[in-house]
Structures are given as structure tokens and as C-alpha cells.
Amino acid sequence: MLKRILYSALFIVIAIILYLNVRLYYQPRWSNSQPPINLSVEAQLNYLQKRMHDGAALDMQKMYPEGYLFLNALYGLSWCNLLAKTPAQSPLHQRGIEEVRWALHAIDSPKCKAPFSPNLPLVYGAFYRGWSNYLRGKYLELLPGMKEDTVQAQIFQDNCAQIAKAVTESKTPFLESYVYATWPADMVVLMASLAQHDHLFMSQYGLLVQDWLKQVDKRTDQLGFIPHSVHPYTGKVLEAARGSSQSLILNFLIEIDSTYARRHFARYKKAFLTRRIGLPGIREYPKGTLGFGDVDSGPVIFGIGGAASIVGQRTMVLYGETDVAIGLRNSIEAFGLGWHWGKKKRYLFGALPIADAFIAWSNSVEASKEERLVGRRNWRWSFQLGLVVVLVGVGMMWGMRPRNPVK
């Protein structure tokens, strides 16, 4: 019995080692069309499409207050990224446009607005208005060459005017997301939609955005980061920067002011990027500090944040850190148990649609790049060296196993 247990344990260790090593060489599937389409992201969205239409957003709403909005927004944004390089008349593009419209319709519904207060200075708050308006702007970016959606364009412009008014009248650069609750990451998404406006229509909010950035710089935490949470009326830091919010902030900050964003990214990379067992990961708390996971961070394992790393993968793509981005992506493939079958793909056995949506959003940025992500060096070497050590140890255990005495 002891021998069988030992052999089973050794077999499991070797199987895990082989699985991880293979998954770390993962590459997305691409079409042969010009431009190429990321078929792996399309498969993720195929899987999510059914889950979304079967009520996945309502399931996520039961887990946390932003679940319905967040899942619909990420789903729509992933489609927008994928469609950015697809021919406007292709069946995939037409289907994707309809799915983005479907997500916008869900976000505009009373069901989605219900958790958010209409009595805030910016009606329904920074979180709802930021993500809904940003998705609307991305949808409008896809329309040139097609019949313009004048209704959505007018809603978008009206929203931008209301956002600008609320920002101008606020005593701090951070508007409330809920009554007496303010998270600066939500505000960055909100301001990114104003930057979208000036890209889509006549330039109107540039000076307001630049003044807002100056006000933000006056309310950073001790390390110079945009904080995780602040006092809603004074803007005073309540919780310092965390990896989950910083990864998210940097995805939108680069659209607001790329020079400003890159200064923050350099600081972020130094404080949050690290390695565990030779693989890259994004810490939930800056180096030198400890903390626990919560609904914002997802699981925190050995200091590495789940949400911080998944969104951090997208951050690294946007800021040109190709090898780190591939390392994060392939680590997520390995530990997230990515499974591609037929024309569908899911993670973690499909147990958490919000995780599938975040991963799709991070992966979909590759579909909008002119070149595919191709690493320049072997970022896996330290992990593989560790595997060699483990295998040597397993071999030694095997050599020391009990043997039957000679009769």
C-alpha cells in the first residue's frame, strides 16, 4: 500500500510538471486571413456568448454589486477589441456588433442600474457611468464605414457633457461610485470616455482632462500612485495603491495621456511586478507590504493577485513589455486550466464567467495589434531550472525506494 501511494504521488508530481511545462509554451490560434484573427479569443467569446444569454450576468450580480454591469461591459469590450481588425462586412464582424449592442442594451436596463444611486452628483455614480460610456465609445469607434448609430452617438455625447459638468463642480478629482464610497480606478475609466469623445468628435475636453490629471497628482499615496480608495468629500487617501486597481488604471490612463501614463507604469512595474517559482506575477500589494484578498483582488496566493495579474497581462501588452505579457498570459493558461474544444474555450471549468470575461478582455488586445505577441527570449528558464531540481529529487526518491529482499 505504501509503495502504491508513493508511486501515485510521484506520478502526479511528474504529470503536473509536464503539464505546466507544455502550457507555458502556449500560443493562441490565429486565422490565415489578412489581417489575422485571434481564433482563441473568438472561441472564448463563443463560449461566453451562450453563458451571457443564459443569464451569467445575473449570477455574477449575486456575488457582488457590480457583477451584472462588469460582466456585460467586459464582454462587450472584448468583442470591440476583436472586431477592430475584422472586415466590416464579414459574418464575424456583424455578429460581434450585434453582441456589443446586446451588452449595451443590458447595461442600459433598469436591472443593471438598480444597485447604483440616482441621487449622486453624477447620476448612478462613476463606476456605472464610466464603464457604460466607455463601452459605448468603443462601439461607436467600430461604426465608420457602416451606417452611423445616431441614437447611441447622442447618448454618448450627452453622457460626456454630464460627466464634464460633474467633474468641474467636484471639490476633488474623484467622484463617488456609490453613496460615500469612491474608488479612483472608476474615475480613470470615466475620464477615458472623455478622451474617446475628443477622438470621435470635435475636441472639447482636452483642457478639462489635463487639469484633472494635475489634481490627481496632488492626491497620490506615499509611493506616488493613484490610490485604491479615497474619502468621497476630501479626496484623502483611505487605502493606498493595490495591484488590482493599478493594473486596471493603467489600461485606461494610456488613452488619456500616454506620457503621463508611462511615468506611472514605470513606478508600477518596479513596485508590483515580481516572480514566483520563476514565473511573472503582479503583486496585489506593493513590495514590502502584505495584505489579504477580497472581492476586488480575487485570490491572492503568495502575494500574487489573481485580478492584478490577469489585467496586468493586458497592461504589459499596451506598454510594450512583450516577454512579461507572454509570461503572464501563459501562466494564466496553465494555472487557469484553459480548455479549447471545437470553437469554444473556457477557464477554470467555466465556474466563474467573470474570470472568463477578464481573460478574454486581456487576450483580445492582441487581436487589435498589427503584430502578434512573440517573445524575444526564454522567460521560462528559471522555472524550468526549478523543474529540473524537482525531477532530480524525484529520481533520487525513486532510487531510494524500498526493495524486496532477496530470498
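The model is predicted, and local features need pLDDT of at least 70, side-chain atom pairs count only at pLDDT 80 or more, and totals for chains, interfaces and linings use all residues. Residues are numbered from 1 along each chain as its sequence is written, and side-chain values use heavy atoms, with hydrogens and water left out.

The axes of H7 and H11 lie 14 Å apart at an angle of about 50°; axes are lines fitted to C-alpha atoms, for helices over the stretch in contact, and angles run from 0 to 180 degrees between N-to-C directions. Helices (H or I, at least four residues) and strands (E, at least two) are DSSP runs numbered from the N terminus. On the H7 side, Trp131, Tyr134 and Lys138 meet Leu248, Phe252 and Glu255 of H11, where contact means heavy atoms within 4.5 Å. The residues of this contact comprise 4 nonpolar, no polar and 2 charged; Ala, Val, Leu, Ile, Met, Phe, Trp, Tyr, Cys and Pro count as nonpolar, Asp, Glu, Lys and Arg as charged, and the others, Gly among them, as polar.

Helix H7 (residues 125-141) also packs against helix H5 (residues 91-108), with axes that come within 11 Å and cross at roughly 155°. H5 is therefore roughly antiparallel to H7. In H5, Ile97, Val100, Arg101, Ala103, Leu104, Ile107 and Asp108 meet Tyr128, Ser132, Leu135, Arg136 and Tyr139 in H7. This contact holds 8 nonpolar, 1 polar and 3 charged residues.

The largest pocket has about 1,400 Å³ of space. A pocket is an open set of points on a 1 Å grid over the protein atoms alone, where a 1.4 Å probe fits, with protein on both sides within 12 Å along at least five of seven lines; lining residues have an atom within 4 Å of a point. Grid points are joined across faces, edges and corners, and the volume is the space filled by probe spheres set on the points. The lining has 44 residues, with Ser297, Pro299, Gly305, Gly306 and Ala307 nearest the centre of the pocket. Helix H13 supplies the largest share, 5 residues. By class, the lining contains 28 nonpolar, 11 polar and 5 charged residues.

Two backbone features occur in loops. The peptide bond from Gln34 to Pro35 is cis, with omega near -5°, and Pro35 is placed between helix H1 (2-23) and helix H2 (39-53). Phe302, a residue other than glycine, has a positive phi near 55°.

Technical notes: Parallel < 35°, antiparallel > 145°, perpendicular 65-115°, else oblique.
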